[in-house]
Amino acid sequence: MGITRGRALGTAAGAVIGICAAFTATVGGATAALPRTTTAQRNAIEAAEQYISEQPFSKAGLIQQLASSAGDGYGRAVAAYAVNHIKVKWNTEAVLDAKQYLSEQPFSKAGLF
């Protein structure tokens, strides 16, 4: 099995849409195209990984941070794509997030959830 990476440039009516990474996989002599990742998706993945390395987030909270105009301003679909394509132990993140909230101010169990 081999994976080959190439670059494809998308255009519409002469305007550049963006650069996509094109991947193909060869298995037993047959070649199949793998899904393309846009520049925005790759950048959002990097941003998501950076955020998660700095502080705990819930999955929904990280999507909101990436999509927020106060955050990175990615479209919601790109933000969700990024969050769904990083490796995170979400239960561990939830525990860390709860501990952080509790260290800053008191919460009831119901208020924490």
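1. Let's start with alanine 48: setting aside neighbours within four places in sequence, alanine 48 is in contact with Leu62, Leu66, Ala82 and Ile86. Contact here means heavy atoms within 4.5 Å. Please keep in mind that this is a predicted model, in which local features need pLDDT of at least 70 and side-chain atom pairs count only at pLDDT 80 or more, while totals for chains, interfaces and linings use all residues. Residues are numbered from 1 along each chain as its sequence is written, and side-chain values use heavy atoms, with hydrogens and water left out.

2. Where does alanine 48 lie? Alanine 48 is part of helix α1, and it counts as buried because its relative accessible area is 0%. The cut-offs are under 20% relative accessible area for buried and over 50% for exposed, with partly exposed in between (1.4 Å probe, protein chains only). Alanine 48 and alanine 82 are 34 residues apart along the chain, yet their C-alpha atoms are separated by 6.7 Å.

3. Now for the overall layout. The protein chain has five helices and three strands, and along the sequence they follow the pattern β-β-β-α-α-α-α-α. Helices (H or I, at least four residues) and strands (E, at least two) are DSSP runs, numbered from the N terminus. Of the 113 residues of the protein chain, 23% count as buried. Among contacts between residues at least 6 apart in sequence, 33% join residues at least 24 apart.

4. Helix α1 covers residues 39–54, which is 16 residues. From its first C-alpha to its last, α1 reaches 23 Å, close to the 22 Å expected at 1.5 Å a residue; the expected span is 1.5 Å times one less than the number of residues. The buried residues of α1 are Gln41, Ala44, Ile45, Ala47, Ala48, Tyr51 and Ile52.

5. How many residues does the largest nonpolar core have? The core has 17 residues, and those with the most contacts inside it are Ala48, Leu62, Leu66, Tyr74, Ala82 and Ile86. The elements giving two or more residues to this core are α1, α2 (59–67) and α3 (76–84), and the largest share, six residues, comes from α1. A nonpolar core is a set of buried Ala, Val, Leu, Ile, Met, Phe, Trp, Tyr and Cys residues joined through side-chain atoms within 4.5 Å. As background, nonpolar side chains tend to be buried together in soluble globular proteins.

6. In α2, the buried residues are Leu62, Ile63 and Leu66. They sit on the same side of α2 because they cover an arc of only 100° around the axis; the arc is that of the directions from the helix axis to the C-beta atoms. The buried residues of α2 pack against α1, α3 and α4 (90–104). On the face turned away from the buried side, α2 carries the exposed residues Ala60 and Gln64. Alanine 60 counts as exposed because its relative accessibility is 54%. Alanine 60 and alanine 79 are 19 residues apart in sequence, and their C-alpha atoms are 9.9 Å apart in space.

7. In α3, Val78, Ala79, Ala82 and Val83 are buried. Seen down the axis of α3, these residues fall within an arc of 135°, so they line one face of the helix. They pack against α1, α2 and α4, while the face of α3 turned away from its buried side carries the exposed residues Arg76 and Ala77.

8. Glutamate 93 is buried yet has no salt bridge, a salt bridge being a side-chain nitrogen of Lys or Arg within 4 Å of a carboxyl oxygen of Asp or Glu. Its nearest side chain of opposite charge, lysine 89, is 9.8 Å away; Lys and Arg count as positive and Asp and Glu as negative, while His and the chain ends are not counted. Not counting residues up to four places away in sequence, glutamate 93 touches Ile52, Gln55, Pro56, Phe57 and Val88.
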